[in-house]
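The following briefing sets out selected features of the structure shown below.

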Amino acid sequence: PTSAPVEPTSAPVETPTPFCSDDALGYFLMKVRKIRTDDNTRIPYGVLQTCAWLEQLPEGEKADICESKVSYHQGKAYESGTAWRDTDLEGTFGPAQKLCKDTCNSCDSCYENSSSKWFWKVKSNGNAVKKDCDWLADRRDTLKDGHCASTVTFEGYQPASVECPVTCSYLTGDCDHIEITGAPTPAPPAGTEYIGCFKDKKNDRALDKFMGKKKSIDECATLCSDYNYFGLQKNYQCRCGNEGHDKHGPAEGCECYGRNIGNRNCVFMKQEDSTSSSNKFWE
């Protein structure tokens, strides 16, 4: 049977909380799985996990889940590792970054995940069209205006102004301070050098180890100390790798001091001779 389409609703006004913590009793969505029930009906079930489970993972795995698991599910669900037949969980389940804010470092009201999905519109067949913050950031301001001004939600998905507060700040003014207080350090750490600006692709990362967002160059260098290369891109995402940093070719326009580096990497390399000063970018 086909469910009736759900009408979009206006987003509620959120009341700021005095502190930030993980929701110890809730579940976040890992994925959606279609299950064939006894009456031969295929029903989508959300596969869930807890913040306690997420918190104990290695930093790289934890950061990857916080960044990439950004979908919502409305309906039946079960906790990963249990049987779907035994569940009585049902409702709207969202990403880890919404539930596990302390673990995901997403407490700030101006937190923005470039992969976060926001609700755009409903197609004629009743399906929702979602876009991510990267897509929005690449639009001209005149095209962003309508998206950033919208307050409409759909089955858990929030409007662009909620999911992409920094990208929409040119219109709202709410997060203008991020570009000042969030800037990376003005010099590379000892033993490293800046080697250039390079293109990246979301589905084929040039630097494949993700180490989190809002990292300074010093922090990223420390997190990537076991790798030959490290790089920063939009929202100060820190990534590491031993090869392939230039596989998508060189890029222009890396604003390595600013939040809007875009889908490019400002790449740094370990130096065997830490006394070298051949670093044109920082001169």
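**Briefing**

Cys-110 counts as buried, at 3% relative accessibility; buried means under 20% relative accessible area, exposed over 50%, and partly exposed in between, with a 1.4 Å probe and protein chains only. The model is a predicted one, in which local features need pLDDT of at least 70 and side-chain atom pairs count only at pLDDT 80 or more, while totals for chains, interfaces and linings use all residues. Residues are numbered from 1 along each chain as its sequence is written, and side-chain values use heavy atoms, with hydrogens and water left out. Helices (H or I, at least four residues) and strands (E, at least two) are DSSP runs numbered from the N terminus.

**Loop residues**

- Cys-110 is placed in the loop between helix 3 (96-99) and strand 6.
- Between the C-alpha atoms of Cys-110 and Ser-169 the separation is 9.2 Å, although the two residues are 59 residues apart along the chain.
- Gly-191 lies in the loop between helix 8 (178-181) and strand 9, and it is buried with a relative accessible area of 16%.
- Gly-191 and Gln-271 are 80 residues apart in sequence, yet their C-alpha atoms are 5.0 Å apart in space.

- Four strands form an open sheet in the order 2-3-4-5, with mixed pairing; two strands pair if DSSP finds at least two bridges between them.
- Strand 2 (28-36) and strand 5 (89-93) stand at the edges with a single partner strand each, so one side of each has no neighbour in the sheet.
- On average, neighbouring strands of this sheet are turned by 50 degrees against each other, direction ignored; the axes are lines fitted to C-alpha atoms, for helices over the stretch in contact, and angles run from 0 to 180 degrees between N-to-C directions.
- Eight bridges pair strand 2 with strand 3 (residues 42-49) in the antiparallel sense, and Val-32 has Gly-46 in strand 3 as its bridge partner.

**Helix 5**

- In helix 5 (residues 141-149), the buried residues are Lys-144, His-147 and Cys-148.
- These residues cover an arc of only 90 degrees around the axis, so they lie on the same side of helix 5; the arc is that of the directions from the helix axis to the C-beta atoms.
- Exposed residues Thr-142, Gly-146 and Ala-149 are carried on the face of helix 5 turned away from its buried side.
- The cover over the buried residues of helix 5 includes strand 6 (117-122), helix 4 (133-137), helix 6 (160-163) and helix 7 (169-172), where contact means heavy atoms within 4.5 Å.

**Nonpolar cores and their strands**

- The largest nonpolar core has 17 residues, of which Tyr-194, Cys-224 and Phe-230 touch the most other members; such a core is a set of buried Ala, Val, Leu, Ile, Met, Phe, Trp, Tyr and Cys residues joined through side-chain atoms within 4.5 Å.
- Two or more residues of this core come from each of strand 9 (192-199), helix 9 (217-223), strand 11 (229-233), strand 12 (237-241) and strand 13 (264-270), and helix 9 gives the most, with three residues.
- Residues touched by Phe-230 include Leu-207, Ile-217, Cys-220, Cys-224, Cys-266 and Phe-268, not counting residues up to four places away in sequence.
- A second, separate core of 10 residues includes Leu-54, Leu-57, Cys-66 and Cys-100.
- Strand 13 pairs with strand 9 in the antiparallel sense over seven bridges, with Arg-264 in strand 13 as the bridge partner of Lys-199.
- Strand 11 and strand 13 also run antiparallel, joined by four bridges; the bridge partner of Tyr-229 in strand 13 is Met-269.
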